[in-house]
Amino acid sequence: SFFDKSMEELFEYYKPMKQALEEYKVNISMFHGIFPMYFPGEDKRNQYILEVTEKMFAICEYLGCSNVVIHPWPGPNLRKNEEREINFSFYRKLIPAAKKHHITICLENLFKHYDLDCYDGALSNVDEAVSYIDTLNQEAGEDIFGFCLDVGHAVITSANLYHYITTLGKRLTVLHIHDNDGTSDSHMMPYTQMDRRGLRLRIDWETFLRGLKEVGYEGPLAFEVYHGIDVLPERVRPYGLRLVSEIGRYFRERLETD
């Protein structure tokens, strides 16, 4: 119901945030869209989600943010061609609003799960991701679709991060950086998860950084590590946040050093 407000009312609501961003010289690197963005057989609900997403685009422009992550529909129990048809239908409808508000729609790699088992989901295959982006941009007539690589999701589906990054190339727009044990989407800090034998890190972060550097990635380093912070005692959480910040600075230094 929040988004039933008029655009004037929504801008007024976000005005203090806009003022704070300007005062403290902070940029918002990305927003995250509604998920799921599609409900089978619920046309009225799906239309409302579309309308809300278009309002979100306007709010992003107002706040100076140009990247919005929109998950594809994961398509449980659907064939790939059916999953693709539903996703393309929704993304196509967003093209006019994205152009109007100067938004880059960032698709994201997902996984599916059944009980405790996880397996490939929408766009977990990089070739599929490239096909989505290139086809949609061709239809749009300009590059308004990019990609958000979720590192944790890629690990769960056993994707090769280096291959995924270097295949995406300049299509890679933003990142969701976090760590996990390869079986659950636990959103922990980098360098905290080991393999089952405890002999090596679950994610090869050096290779991850090498891939980013090779494609000339200059986008934001965004960390989705809320569980890694929430598990800490409340008094310790600020230090956890500082640690994440230092990891980000280390990553940035590695990317900018010859």
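How many helices and strands does the protein chain have? In this predicted model, local features require pLDDT of at least 70 and side-chain atom pairs count only at pLDDT 80 or more, whereas totals for chains, interfaces and linings use all residues. Residues are numbered from 1 along each chain as its sequence is written, and side-chain values use heavy atoms, with hydrogens and water left out.

The protein chain has 9 helices and 7 strands, assigned as DSSP runs (helices: H or I, at least four residues; strands: E, at least two) and numbered from the N terminus. Its radius of gyration is 19 Å, close to the 18 Å given by the globule rule for 258 residues, so the chain is as compact as a globular protein of that length. The radius is taken over C-alpha atoms, and the rule is 2.2 Å times the number of residues to the power 0.38. Of the 258 residues, 48% are buried (under 20% relative accessible area; exposed is over 50%, partly exposed in between; 1.4 Å probe, protein chains only).

The structure holds 17 aromatic pairs (rings of Phe, Tyr and Trp, the last by its six-membered ring, with centres within 6.5 Å; planes under 30 degrees apart are stacked, over 60 edge-to-face, the rest tilted). The ring centres of F2 and Y13 lie 4.9 Å apart with planes at 70°, so this pair is edge-to-face. F2 precedes α1 (7–24) and Y13 lies in that helix, so the pair ties together parts 11 residues apart in sequence. F2 is partly exposed at 23% relative accessible area, and Y13 is exposed at 51%.
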